Amino acid sequence: MVTDPIADYLTRIRNAQMANHRIVEIPASNLKKRITEILYDKGYILKYKFEEDKKQGLIKIALKYDPSTKLPVIQSLERISRPGLRSYAKPDEFKRIKNGLGISIVSTSKGVMTDKEAKAQNVGGEVLCSIF
């Protein structure tokens, strides 16, 4: 049993990139599906596919690499809020990631979204992770 499924999700992506894998498979949940959609919308992953099986389902993510340097597009995945130390922020307290080049993923009362979307909607929430 995994005690922190979001950290497991990020670690699986990080490990797959370090091994230069093209596709990574991750056990699905609604929160992980939403994070995957955000990563795709912001251009951090190539594509994704949600597969249903008899248990909880699977997320297949095609990782994105720079064609000229063969380096992964995602340079850093960092878990901010952990089960032992939750991190919450108001709309004006969101920290900029890499001078505005990265994103933070925030779980708000209006759903899971990026820090910029949460600031635009003037809602705060739990800062799940940062990506750049």
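Visitor: Which residue just after helix 2 takes a positive phi?

Guide: That is Gly-43, with a phi of about 85°. This is a predicted model, where local features need pLDDT of at least 70, side-chain atom pairs count only at pLDDT 80 or more, and totals for chains, interfaces and linings use all residues. Residues are numbered from 1 along each chain as its sequence is written, and side-chain values use heavy atoms, leaving out hydrogens and water.

Visitor: What makes a stretch a helix or a strand here?

Guide: Both are DSSP runs, numbered from the N terminus: helices are H or I with at least four residues, strands are E with at least two.

Visitor: How do you know that the span of helix 2 agrees with what it should be?

Guide: The expected span is 1.5 Å times one less than the number of residues. Helix 2 has 12 residues, so it should span 16 Å, and its end C-alpha atoms are 17 Å apart, which agrees.

Visitor: Why is Gly-57 called buried?

Guide: Buried means under 20% relative accessible area (exposed is over 50%, partly exposed in between; 1.4 Å probe, protein chains only). Gly-57 has 4%, so it is buried. You will find Gly-57 in the loop between strand 2 (45-51) and strand 3 (58-63).

Visitor: Which residues is Gly-57 in contact with, leaving aside its neighbours within four places in sequence?

Guide: Contact means heavy atoms within 4.5 Å. Gly-57 has such contacts with Pro-27, Ala-28, Glu-51 and Glu-52. Pro-27 is 30 residues away along the chain, yet the two C-alpha atoms are separated by 6.1 Å.

Visitor: Which residues of helix 2 are buried?

Guide: Lys-32, Lys-33, Ile-35, Thr-36, Ile-38 and Leu-39 are.
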